[in-house]
Amino acid sequence: MSQPEQPGRPGGGADVVWSIIGTLVAGVLAWGGIGWLLDRWLGTEFLVAVGVLVGAAGAFYLIIRRYGSG
Amino acid sequence: MATMPPLAREGFHAPGIEEFEWPNIIDLHLFGLDLGINRVVLQMFLVTLTTWLLFYLAFRTPRLVPSGLQNVMESVVDFIRTQIVLENIGRDGLRFLPYLTTLFVFVFLGNLGGVLPVISFPLNGRMALPSIMAICSLLLFISVGVSRQGFFHYFRTALFPPGVPWPIYILLTPIELVSTFVVRPVTLAIRLLANMIAGHLILSVFFVATGYMLTSMNISTLFGLGALVFSVALVAFELFVAALQAYVFTILSAVYIAGALEPEH
């Protein structure tokens, strides 16, 4: 199988795609969940939305940091 | 109208999610849990036995120049070795070859039930097996990471990506925690489950509709004939999906193991 030159870990392709999707979902779930819990605790209604946005931003930051340079 | 077959008179009922529910053949309740044996459990036993038999018969008396079943199974092992293990983990990963090969064959045979006549049910269309296999892969890559890097070092590199100013960890660590230890196994299981449910529903609806059209004795019968021809292609497609999903499950397990062996730099 012809492999492009990969100086780092072998692989790439499928795992990169799934890792990006997984990180995005995880960002929204983790911070959306924290926002939801805070909403319940504080009796507010907007923190879940803030959490989802913060999580998505964090996930984008992670993805760009990890795969942006390659 | 009286000459119409009963199927046409009753109208078309599309099969739904009840296709995945089977009654118990043997009832067994222990500690408040329903451990009854139904058709799916029997199929699980059958697939386990078949997986074991395939490897046992192929490698019982291995020959230098393989033939027959040994040939087939050697090519399966060789495929997992070169395309999954060496490609994604490297030589270091060869000790996981038995796990990954068994996983691939087991998932494939489980999926294969969906296109086999008489059985015609994909084992991985039920949540039990995909989730247990995903948990196995999760526990495996965690234990590989802990034994290779040590407990604290593994969780530090997994949860705190290097080269980030420390206040950012407040943002990133929850994401890494959910991404590595929750989203990975959940997506592994759901990807397989959803593909098998969708495939089985498509096949069921298609075949029931084909039967309905063929027996309706009007213009639909012509469409039924066309659908009958097309159903061969659909079964071939499901066979492809069965193999593809087994491959995806195995390769992602290998990728997770590779990530635990070699932390991010």
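A residue is buried if 20 or more other C-beta atoms lie within 10 Å of its own, exposed if 12 or fewer, and partly exposed in between, with C-beta atoms placed from the backbone. Helices (H or I, at least four residues) and strands (E, at least two) are DSSP runs, numbered from the N terminus. The model is predicted: local features need pLDDT of at least 70 and side-chain atom pairs count only at pLDDT 80 or more, while totals for chains, interfaces and linings use all residues. Residues are numbered from 1 along each chain as its sequence is written, and chains are lettered from A and ligands numbered from 1 in the order in which they are written.

**Exercise 1. Determine the span of helix α4 of chain B, its buried residues and the helices they pack against.**

Step 1. Helix α4(B) covers residues 97–112, 16 residues in number. The expected span of a helix is 1.5 Å times one less than its number of residues. From first C-alpha to last, α4(B) reaches 22 Å, close to the expected 22 Å.

Step 2. Apply the burial cut-off. The buried residues of α4(B) are B:L100, B:T101, B:L103, B:F104, B:V105, B:F106, B:V107, B:F108, B:L109, B:G110 and B:N111.

Step 3. Find their partners. Two residues are in contact if their C-beta atoms, placed from the backbone, lie within 7 Å. The buried residues of α4(B) pack against α2 (39–59), α3 (68–88), α5, α7 (168–214) and α8 of chain B.

**Exercise 2. Describe the packing of α5(B) with α8(B), then that of α5(B) with α6(B).**

Step 1. Two packed helices are described by the angle between their axes and the distance between the axes. Axes are lines fitted to C-alpha atoms, for helices over the stretch in contact, and angles run from 0 to 180 degrees between N-to-C directions.

Step 2. For α5 (residues 128–149) and α8 (residues 220–261) of chain B, the angle is about 20 degrees and the axes are 8 Å apart. That makes α5(B) roughly parallel to α8(B). The classes are roughly parallel under 35 degrees, roughly antiparallel over 145, roughly perpendicular from 65 to 115, and oblique for the rest.

Step 3. The crossing of α5(B) and α8(B) is right-handed; a crossing is left-handed if the near helix is turned anticlockwise from the far one by less than a right angle, and right-handed if clockwise.

Step 4. On the α5(B) side, the residues are B:S137, B:L140, B:F141, B:V144, B:G145 and B:R148, which meet B:S253, B:Y256, B:I257, B:A260 and B:L261 of α8(B). This contact of α5(B) with α8(B) has seven nonpolar residues, three polar and one charged. Ala, Val, Leu, Ile, Met, Phe, Trp, Tyr, Cys and Pro count as nonpolar, Asp, Glu, Lys and Arg as charged, and the others, Gly among them, as polar.

Step 5. The axes of α5(B) and α6(B) come within 6 Å and cross at roughly 120 degrees. These two helices, α5(B) and α6(B), are therefore oblique to each other. Their crossing is right-handed. B:G145, B:V146 and B:Q149 of α5(B) make the contact with B:F151, B:H153, B:Y154, B:T157 and B:A158 of α6(B). By class, the residues of this contact are four nonpolar, four polar and no charged.

**Exercise 3. Examine phi of B:V118 and of B:S120.**

Step 1. Most residues other than glycine have a negative phi.

Step 2. Phi of B:V118 is near 75 degrees, a positive value. B:V118 lies in the loop between α4 and α5 of chain B, and it counts as exposed, with 6 C-beta neighbours inside 10 Å.

Step 3. Phi of B:S120 is near 35 degrees, also positive in a residue other than glycine. B:S120 is found in the loop between α4 and α5 of chain B. With 14 C-beta neighbours inside 10 Å, B:S120 counts as partly exposed.

**Exercise 4. Which elements of chain B give two or more residues to the side that touches chain A?**

Step 1. The contact takes 19 residues from chain B and 20 residues from chain A.

Step 2. The elements of chain B in question are α3, α7 and α8. The largest share, ten residues, comes from α7(B).
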